[in-house]
Amino acid sequence: MKASQFFISTLKEAPADAEVVSHKLMMRAGLIKKLGAGIYSYMPMGLRVIRKVEAIVREEMNRAGAVECTMPVVQPAELWQETGRFEKMGPELLRIQDRHGRDFVIQPTSEEVVTDIARQELRSYKQLPRNLYQIQTKFRDERRPRFGLMRGREFIMKDAYSFDRDQAGAKASYQAMAQAYRRIFDRFGLRYRAVAADSGAIGGDLSEEFQVIAATGEDAIVYCPASDYAANMEKAEALAPAGPRPAAAAPMTRTPTPGKATCAEVAELLGVPLQTTVKSLVLATDETNEAGEIVKSQVWLLLLRGDHDMNEIKVSKVPGLDKGFRFATVTEIEAHFGAKPGYLGPIGLRKPVQVVADREVALMADWICGANEEDFHITGVNWGRDLPEPDAVADLRNVVAGDPSPDGKGVLAIERGIEVGHVFYLSTKYSKAMNATFLGEDGKPAFFEMGCYGIGITRLPAAAIEQNHDERGIIWPDAIAPFTVVICPIGMDRSEEVRAVAEKLHGELLASGIDVILDDRGERPGAMFADWELIGVPHRITIGDKGLKEGQVEYLHRRDAGATKVGVAEILAHVK
Ligand code: ATP
Ligand code: MG
Ligand code: MG
Ligand code: MG
């Protein structure tokens, strides 16, 4: 590929609405372009990354015996009414009507359609097991689309669905998928953790999320460094004892005293690493009268910002609530987030917490906070000795760093993650609802045992960037780089020799199947290098007159501090 023919559009500044580094860099590198809230065009440079993600996922799904198909994006409402999800899914489900006034949905996932296919096509146990998957556009009308491709409304998902004759078969299919997911995420070269997730009433223990470790992740992951125990916060809390924590189990490393606390101290008290972005904390206060009765409840929202370093956090204003930080009533906060009444909480605070200044929060009281909407808050944060009345927190379950691990092998630690994949044993939930049966070996109809398995194809590049970047831009793992090698000729328009060597090398790399781009735009070296560092191409070859006189070109890996000289004759072997 030649840069002059490709589509390159880098920006000096990220747009104001880009909060996390991956969103900023994807915009600046020209990988995506915003069309509306949570709706993005995948620009040529970004699409190349997405296609590579898809290819790896496709290869491993095929290897695991899944079969690809494509199901419609627009699906008749009747199918969704059969399972009740047309109503149950609420506002996240985008419903539309055709010219005849018939209802349709834009698929957020495809259990209904795939179960409909199965009940028509898979008639006998002899046709089982089967696993159908697609890599397709999804739409979810997320309440808070944000962070670019991380939480879009329109996005691409790989969704697979397994059909088995019995529970043992379904569990084997589930395990095969969980294995395939490990291979997939290993190939991306990212640090991730498979964590147990809550599967609701049906799934038993068979639900796991694949979480890419990142300080900006929206999910809290609980794990035990001394064993292989790992769960998402919801699952960990479901296992933890209910009610207020006994004082002895409180994870305090020191007793908080009224006064100021530094960010490091707050981080320590919250049980999160310093390198964590705490997006927001909601604190609630109860104002009591002399008799101890609550006369007024208030919820305060602290937005703690800072991309990667808690030392930079700022307590800033609540968007949409004006005049900087201030108290807001419960009703205001609920209205602001469109949350159900009573959904924010349970949180307890006895006395005011005062925001003193950037980087300092005055801690005036014992408080606990958490168990809020997972999208917004650290859940399970607990700090305090003097908890609210037991009644008020009767079903509050806390899991904090330092708690004993459920497997008894050590203590728990907490980190943040980005959910990039999810495997889920469904049992007969959908087959029963849709009367989807096959004929068993005994000649009797039986319901399919099912599982479903998702991967966020377009979320994955964002997660990869959260883990792989520096102040100059993205550093792609080779497996998903838009181009693996960039050739940067210096003075190509002046030097025939530079041009000839660059063109020849470009041709040879292409011929050996390497994704290479030749920057023939005639940009000055500084601008050219800045572009490719921002875009994050892992291998760079610089060709200049001076080097060529000695028969050499320069090789630089995106992570290297300085270039190395390599002979013109050896460079091909060097990057292959
Ligand atoms: P989340 O908890 O982040 O809302 P989810 O649990 O609702 O995700 P699933 O239904 O498990 O998502 O879908 C499978 C995968 O699709 C997720 O693991 C995630 O990688 C991806 N995904 C889900 N919602 C989005 C979104 N709004 N934008 C991009 N990718 C998404
Ligand atoms: Mg979701
Ligand atoms: Mg989730
Ligand atoms: Mg999920």
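Strand β31 (residues 539-543) and strand β32 (residues 552-557) are joined in the antiparallel sense by four bridges. Helices (H or I, at least four residues) and strands (E, at least two) are DSSP runs, numbered from the N terminus. Two strands pair if DSSP finds at least two bridges between them. The model is predicted: local features need pLDDT of at least 70, side-chain atom pairs count only at pLDDT 80 or more, and totals for chains, interfaces and linings use all residues. Residues are numbered from 1 along each chain as its sequence is written, while chains are lettered from A and ligands numbered from 1 in the order in which they are written.

Six residues separate β32 from β33, and the two strands form a hairpin.

These strands belong to an open sheet of five, ordered β30-β29-β31-β32-β33, with mixed pairing. At its edges stand β30 (516-518) and β33, each pairing on one side only. Neighbouring strands in this sheet are turned by 25° against each other on average, direction ignored. Helix α12 (residues 496-511) lies across β29 (485-489), β30 and β31. Its direction is at about 170° to β29. Axes are lines fitted to C-alpha atoms, for helices over the stretch in contact, and angles run from 0 to 180 degrees between N-to-C directions.

Ile 541 makes contacts with Val 485, Ile 487, Cys 488, Leu 505, Val 553, Glu 554, Tyr 555, Ile 571 and Val 575, leaving aside residues up to four places away in sequence. Two residues are in contact if their C-beta atoms, placed from the backbone, lie within 7 Å.

Ile 541 is also a member of the largest nonpolar core, which has 98 residues. A nonpolar core is a set of buried Ala, Val, Leu, Ile, Met, Phe, Trp, Tyr and Cys residues joined through C-beta atoms within 7 Å. A residue is buried if 20 or more other C-beta atoms lie within 10 Å of its own, exposed if 12 or fewer, and partly exposed in between; C-beta atoms are placed from the backbone. The members that touch the most others are Met 26, Ile 457, Ala 463, Val 485, Ile 487 and Ile 541. Helix α6 (residues 167-187) gives the largest share of this core, seven residues. A second, separate core has 18 residues, among them Tyr 223, Ala 231, Val 400 and Ala 413. In soluble globular proteins, nonpolar side chains tend to be buried together.

Helix α6 also packs with helix α2 (residues 44-63): their axes come within 9 Å and cross at roughly 150°. The two helices are therefore roughly antiparallel to each other. Angles under 35 degrees count as roughly parallel, over 145 as roughly antiparallel, 65 to 115 as roughly perpendicular and the rest as oblique. At this contact, Ile 56, Val 57, Glu 60 and Met 61 of α2 meet Ala 180, Arg 183, Ile 184 and Arg 187 of α6.

A further open sheet has three strands, ordered β4-β6-β5, with antiparallel pairing. Strands β4 (74-76) and β5 (95-97) are at the edges with a single partner strand each, so one side of each has no neighbour in the sheet. Three bridges connect β5 with the antiparallel strand β6 (residues 103-106). Arg 95 has Val 105 of β6 as its bridge partner.

In helix α5 (residues 111-121), the buried residues are Glu 111, Glu 112, Val 113, Val 114, Thr 115, Asp 116 and Ala 118. Their cover includes β4, α3 (77-82), β7 (130-139), β8 (154-164), α10 (429-433) and β26 (449-456).

Asp 17 is located in the segment before α1 (21-28). Asp 17 counts as partly exposed because it has 13 C-beta neighbours inside 10 Å. Its C-alpha atom is separated by 9.2 Å from that of Gly 148, 131 residues apart along the chain.

Overall, the chain contains 15 helices and 33 strands. Of its 576 residues, 44% count as buried. Among contacts between residues at least 6 apart in sequence, 67% join residues at least 24 apart.
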